[in-house]
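Hi everyone, thanks for coming.

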Amino acid sequence: SVWRLWHEQGQISEGREWIAKIQHLQPSTIPLAIRDKVRLGAGVLAFIQDDYAAANQAFGEVLVEPRAEHQPKAIAHALTNIGMVAYWQGRYSEAIQALEESLPLLKMLDDRYGMASSLRHLGMSQLVQHGSRSALALLAESLSFYQELGSKSGIGTAMGFYGRALL
């Protein structure tokens, strides 16, 4: 995805500007799969800048059109990201709903990174919402995926969330 270039280079504002220009092109001339990638990229870059309203709008646009027309991966990532935004905004019930809906799609796709991210935020949302220690199992599963993937940042984040849940 083209947004990753700006993410990796730390040029988030520039990336958002270019994606906005792409989004203003005639949508009917751009295949839906490409439009979804652009929407997801716009959402991720907005999320990084804590622009949760813009992130939510971008992710939600993937789910507006009939879902059968979208690739399952785009739907799964939109739901995961909507759940993450909801988590960071303290809307835990909405986060749980979106993240639980994303997991079967991510499992079907064998998207281990997506599962790790969804499980991490689902575990924390459930912990905060319900005060449930069963959230630890979700966080441990998330950590396991990150370890399997060798994602140092994922491992560190998952361990931080797991430690927070133990408090």
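**Charges, rings and a kinked helix**

Let's start with Glu-148 and Arg-112, whose side chains meet in a salt bridge, 2.9 Å from N to O. By salt bridge I mean a side-chain nitrogen of Lys or Arg within 4 Å of a carboxyl oxygen of Asp or Glu. This pair ties together distant parts of the chain, with Glu-148 in helix α8 (residues 135-149) and Arg-112 in helix α7, 36 residues apart. Arg-112 counts as partly exposed, because its relative accessibility is 29%. The cut-offs there: buried is under 20% relative accessible area, exposed is over 50%, and partly exposed is in between, with a 1.4 Å probe and protein chains only.

Before I go on, a word on what you're looking at: this is a predicted model, so local features need pLDDT of at least 70 and side-chain atom pairs count only at pLDDT 80 or more, while totals for chains, interfaces and linings use all residues. Residues are numbered from 1 along each chain as its sequence is written, and side-chain values use heavy atoms, with hydrogens and water left out.

Okay, back to the charges. How many salt bridges does a search of the whole structure find? Five. In general, side chains of opposite charge can pair when their charged atoms come close. Take Asp-36 and Arg-39: their closest N and O atoms are 3.1 Å apart. Both sit in helix α3 (residues 32-48), three residues apart, which is about one turn of the helix. As a reminder, an α-helix has 3.6 residues a turn, so residues three or four places apart point the same way. Are Asp-36 and Arg-39 buried or exposed? Both are buried, and for Arg-39 the relative accessible area is 12%.

Glu-61 is partly exposed, at 26% relative accessibility. Put together, Asp-36, Arg-39 and Glu-61 are linked in a network of salt bridges.

Now for the rings. The whole-structure search turns up six aromatic pairs. One of them is Tyr-87 with Phe-161, a tilted pair with 6.2 Å between centres and 35 degrees between planes. The rule is that rings of Phe, Tyr and Trp (its six-membered ring) pair if their centres lie within 6.5 Å; planes under 30 degrees apart are stacked, over 60 edge-to-face, and the rest tilted. Tyr-87 is in helix α5 (residues 72-88) and Phe-161 in helix α9 (residues 152-166), 74 residues apart, so we again have a link between distant parts of the chain. Both of these residues, Tyr-87 and Phe-161, are buried.

Phe-161 also pairs with Trp-88: the centres are 6.4 Å apart and the planes are at 80 degrees, so this one is edge-to-face. Trp-88 is partly exposed at 42% relative accessible area, whereas Phe-161 counts as buried at 9%. Tyr-87, Trp-88, Tyr-92 and Phe-161 form one aromatic cluster.

And what sits over the ring of Phe-161? The charged end of Arg-120, 5.4 Å from the ring's centre. For that to count, NZ of Lys or CZ of Arg has to be within 6 Å of the ring centre and within 35 degrees of the ring normal.

Last stop, helix α6, residues 92-109. Where is its kink? At Leu-103, shortly before the proline Pro-104, and the kink is about 25 degrees. That bend is the angle between axes fitted to the seven residues ending at a residue and the seven starting there. Buried residues in α6 include Ala-95, Ile-96 and Leu-99.

Just after α6 comes Asp-110, with a positive phi of about 55 degrees, although Asp-110 is not a glycine. Most residues other than glycine have a negative phi. Asp-110 belongs to the loop between α6 and α7 and is partly exposed at 46% relative accessibility.

Note on methods:
Helix = DSSP H or I, 4+ residues; strand = E, 2+ residues; numbered from the N terminus.
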